[in-house]
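Let us learn to read a protein model, one feature at a time.

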Amino acid sequence: MARIVSKTYSFNVAGDSVKARVYYVAGTIDPTYDSNFIEVPVLAGQTLINVLIPGATTITEGIFTLMATSFDEAGNESDMGAKVTYPFDFTAPFAPT
């Protein structure tokens, strides 16, 4: 049985953030606020967020573009951060012979 290792997407948020979203789309186009997303809570004072990919079952193999936002207590969402485009490969190599 093959073991697939998850990839981690890390990004910084403001210290007063209460949750963060990672928006993603297949390919190299920019995600929008209507794109699929993974939402994670932000602990008090936390500024570095790590999201394990696949964090959503729709991220499969191929090239995906990710952009993150954060929310304050009032529910205001930040602008999207820097774009990251990454080839996801979850296929294990052939067994040694």
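The dialogue below covers strands, rings and charges in this predicted model.

Q: Let us start with strand E2. Is strand E2 mostly covered or mostly open, and how many of its residues are buried?

A: Strand E2 spans residues 19-26 and is mostly covered. Six of its eight residues are buried.

Q: Which strands does E2 pair with, and in what sense?

A: E2 pairs with E3, residues 36-41, in the antiparallel sense over six bridges. E2 also runs antiparallel to E5, residues 62-71, and eight bridges join those two. Tyr23 stands opposite Phe37 in E3. Ala20 stands opposite Ser70 in E5.

Q: Where do side chains point along a strand?

A: In a regular strand they alternate between the two faces of the sheet.

Q: Take Ser70. Is Ser70 buried or exposed?

A: Buried means under 20% relative accessible area. Ser70 has 13%, so Ser70 is buried. Its place is in strand E5.

Q: What does Ser70 touch beyond its neighbours in sequence?

A: Leaving aside residues within four places, its contacts include Val13, Lys19, Asn76 and Glu77. Ser17 is also in contact with Ser70. The side chains of Ser70 and Ser17 are joined by a polar contact of 3.4 Å.

Q: Now the rings. How many aromatic pairs does the whole structure hold?

A: A search finds six. One of them is Tyr9 with Phe11. Their centres are 5.4 Å apart, the planes make 35°, and the pair is tilted. Tyr9 counts as buried at 9% relative accessibility. Phe11 counts as buried at 10%.

Q: Why is the pair of Tyr23 and Tyr33 edge-to-face?

A: Look at the angle. Planes over 60 degrees apart count as edge-to-face. Here the planes stand at 80°, with the centres 5.7 Å apart, so the pair is edge-to-face. The two residues are 10 apart in the chain: Tyr23 is in strand E2, Tyr33 in the loop between E2 and E3. Tyr23 is buried, at 0% relative accessibility. Tyr33 is partly exposed, at 41%.

Q: Which residues form an aromatic cluster?

A: Tyr24, Phe64, Tyr86 and Phe88 form one.

Q: How many salt bridges does the structure hold?

A: Three. Lys19 forms one with Glu39, with the closest N and O atoms 3.6 Å apart. That pair links E2 to E3 across 20 residues. Arg21 and Glu39 meet in another, at 2.5 Å from N to O. Arg21 lies in E2 and Glu39 in E3, so this pair ties together parts 18 residues apart in sequence. Arg21 is buried, with a relative accessible area of 17%.

Q: What about Lys83 and Asp30?

A: Lys83 forms a salt bridge with Asp30, the closest N and O atoms being 2.9 Å apart. Lys83 is in the loop between E5 and E6, and Asp30 is in the loop between E2 and E3. Lys83 is partly exposed at 42%, and Asp30 is partly exposed at 43%.

Conventions. Residues numbered from 1 in each chain as written. Predicted model: local features only at pLDDT ≥ 70, side-chain atom pairs only at ≥ 80, totals over all residues. Heavy atoms only, no water. Buried < 20%, exposed > 50% of the residue type's maximum accessible area, 1.4 Å probe, protein only. Helix = DSSP H or I, 4+ residues; strand = E, 2+ residues; numbered from the N terminus. Pairing = 2+ DSSP bridges. Phe/Tyr/Trp six-rings, centres within 6.5 Å; stacked < 30°, edge-to-face > 60°. Polar contact = N/O pair within 3.5 Å; in protein donor to acceptor, adjacent residues only side chain to side chain. Contact = heavy atoms within 4.5 Å. Salt bridge = Lys/Arg side-chain N within 4 Å of Asp/Glu carboxyl O.
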